[in-house]
Amino acid sequence: MHSPYAVPGLLTTRAEAHELDVDAVVIPVAQDAAADLTARYAASVGPALASAIERGEFRGAPTEVLTVQAPSQGWRASRVLFVGGGPRRDISSERFRRMAVTAAHAARTQRLARTAWIDAEPGTLSPVERAEAVAESFVVANFDNGVHKSRHDDAFFLRQVVFATANDVEPATRTGLQIGEAINGARVLINEPGNYLTPAVMAEKAAALAAVPGITAEILDEKAIAALNMGLLLGVARGSAEPPRVLVLTYEPAHAPTDKVLGLVGKGITFDTGGISIKPSDGMERMKDDMAGGASVVAALRSIAQQQLPIRAMAIVPMAENMPGGKALKPGDILTGASGLTVEVNNTDAEGRLILGDGLWYARQRGATHLIDVATLTGAIVVALGKITTGLFGTPQPWVDHIRVAADRAGEKLWQLPLFDDYKTQLKSDIADMLNSPGRPAGSVTAAMFLKEFAGEGPWAHLDIAGTAWAEDGKPWQAKGATG
Ligand code: BES
Ligand code: MN
Ligand code: ZN
């Protein structure tokens, strides 16, 4: 089996485009700044760009690519790739990343292993943001989905990225590279099928992904889980021959304040058949990605530790396989979670909120003061926001706003949905504290309301990534499969 991704070597340089000893020079183009570029490169590739624009072959629109031959005289590269971004004021963090991934994908397709990015188009980003985004994007673009193909030796990877800039941004490129690696590490786990990635295997592989200086890992097995009275997690795991696990990762640097602890909680259902409330077979194979939230929080903690951020943080990942075995949960069963709350399980396919209930409780138990959970939680969020946008829920509002700002900077689309108390009536059970499946209306909101009952009084946010964890079609800026 070959590697699912390669980490290209990364260099920063103050050299000019024509001096770069690479296969391809990438020049980002804002639609309204193309004339500046044709003037700047008037003696070399400017005329080729100008004539492509004149012919309408290239307009500088978002993620358009134009490949031209580099001048044989005075240039060391063989190709120049122009990548469009639309008007400069529209080049956000997300747009900029799309430009970089698109260019890197194009370079891979054209087998141009050594590439350089000319830091000529700022968009709306600072020099540091640009350096980080380019490094991250080139690593993310160097991912390959074919690791289980027995004949797949033609995968072509970028080997070197040169960031050509006048700014001192080397640390930022290193950060970008680390974030890209963390994203790819999560994608490797998410792409793995259920037979390869059981809860026990996921615990080991996720701990390995997070094995960087500063992180301590513990894996709770079914006995430790029972000792903690995690009846919700144990209930979901009952229908499977594979025992559940809880991965606990902690990062407690000496230079961090001790009064605030970030608790990241991720859904780790390694396969979701629905259990006795079984899913239709059409598309069920996709449910191998039902641990994407768990993989994401592990990758996030890895990045936090690698950047040595001055905060205390932990990642808690409850893991189980949701299967309809002989001992499986039955609709109508009542479970008691570790927090003491009882739940009437009227639908065994609403399993994510069950295991997260115990996970959120445990994060608080371990000292988390600020919670964020990430989960492929509801089909309803795909109906509401499609496969474009992650659903965001939480309280209090300043905490939610922090997360929105961070997502914006990272080039991620989130949209907040409400948690009005009125929705709580839907969670009422006649015989237990609450129901796990309150029906179709506002399915994503009621799922979040369920989680809120386990999140305590402190700041908490919930990201429903059921629509965004997996890309059904490949795009120039986004490969098929796990998005990370
Ligand atoms: N893992 C699914 C949610 C999901 C659906 C993710 C589609 C990705 C694509 C989750 O466990 C689930 O089955 N949710 C149910 C909840 C319902 C029974 C209340 C759903 O959304 O149908
Ligand atoms: Mn389910
Ligand atoms: Zn699920």
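Trainee: Which helix gives the largest share of the lining of the second largest pocket?

Mentor: Helix 11, with 4 residues. Keep in mind that this is a predicted model.

Trainee: Which helices supply at least two residues each to that lining?

Mentor: Helix 10, helix 11 (379–385) and helix 13 each do.

Trainee: And how much space lies in the second largest pocket?

Mentor: About 740 Å³. Its lining has 29 residues, and Lys279, Leu377, Thr378, Gly379 and Ala380 are the ones that lie nearest the centre.

Trainee: How does the lining of that pocket divide into nonpolar, polar and charged?

Mentor: You get 8 nonpolar, 10 polar and 11 charged residues.

Trainee: Okay, switching to the metals. What coordinates the manganese ion (ligand 2)?

Mentor: Asp272 (OD), Asp349 through both O and OD, and Glu351 (OE), at 2.1 to 2.2 Å. Along the chain the donors of the manganese ion (ligand 2) follow D-x76-D-x1-E.

Trainee: Is the site of the manganese ion (ligand 2) octahedral or irregular?

Mentor: Irregular: its 6 donor atoms make angles of 71 to 169°.

Trainee: What about the zinc ion (ligand 3), which protein donors does that have?

Mentor: Lys267 (NZ), Asp272 (OD), Asp290 (OD) and Glu351 (OE), 2.0 to 2.4 Å away from the zinc ion. The spacing in sequence is K-x4-D-x17-D-x60-E. The site of the zinc ion (ligand 3) is octahedral, with angles of 78 to 175° among 6 donor atoms.

Trainee: Which residue bridges the two ions, and how far apart do they lie?

Mentor: Asp272 is the bridge, and the manganese ion (ligand 2) and the zinc ion (ligand 3) are 3.2 Å apart. Asp272 sits in strand 10 (residues 268–272), while Glu351 is in the loop between strand 13 (342–345) and helix 10 (352–365), so this pair ties together parts 79 residues apart in sequence.

Trainee: What about the pair Asp290 and Glu351, where do they lie?

Mentor: Asp290 is in the loop between strand 10 and helix 9, and Glu351 is in the loop between strand 13 and helix 10, so that pair links parts 61 residues apart in sequence.

Trainee: Helix 10 has come up a few times. How many of its residues are buried?

Mentor: 12 of 14, so helix 10 is mostly covered. Among the buried ones are Arg353, Asp358, Trp361 and Tyr362.

Trainee: And what distance does helix 10 reach from its first C-alpha to its last?

Mentor: 20 Å, close to the 20 Å expected at 1.5 Å a residue. Just after helix 10, Gly367 takes a positive phi of about 105°.

Trainee: Which residue other than glycine has a positive phi near 60°?

Mentor: That's Asn229, in the loop between helix 7 (222–227) and helix 8 (231–237). Ala442 also has a positive phi, about 55°. Ala442 is in the loop between strand 17 (434–435) and helix 13 (443–452). With a relative accessibility of 30%, Ala442 counts as partly exposed. As background, most residues other than glycine have a negative phi, and most peptide bonds are trans.

Trainee: Speaking of peptide bonds, is the one from Thr395 to Pro396 cis or trans?

Mentor: Cis, with omega near -5°. Pro396 is in the loop between strand 15 (390–395) and helix 12 (397–410).

Trainee: Last one: what distance separates the C-alpha atoms of Ala300 and Asp349?

Mentor: 27 Å, and the two residues are 49 apart along the chain. Ala300 is in helix 9 (residues 292–306) and is partly exposed, at 31%.

Conventions: Residues numbered from 1 in each chain as written. Chains lettered and ligands numbered in written order. Predicted model: local features only at pLDDT ≥ 70, side-chain atom pairs only at ≥ 80, totals over all residues. Heavy atoms only, no water. Donors = N, O, S within 2.8 Å, 3.2 Å for Na, K, Ca; no water. Tetrahedral: all angles 85-135°; square planar, octahedral: opposite > 155°, others 65-115°. Expected span 1.5 Å × (residues − 1). Buried < 20%, exposed > 50% of the residue type's maximum accessible area, 1.4 Å probe, protein only. 1 Å grid on protein atoms, 1.4 Å probe; cavity = no way out; pocket = protein on both sides within 12 Å on 5 of 7 lines; lining within 4 Å. Points joined across faces, edges and corners; volume = space filled by probe spheres on them. Nonpolar A, V, L, I, M, F, W, Y, C, P; charged D, E, K, R; others polar.
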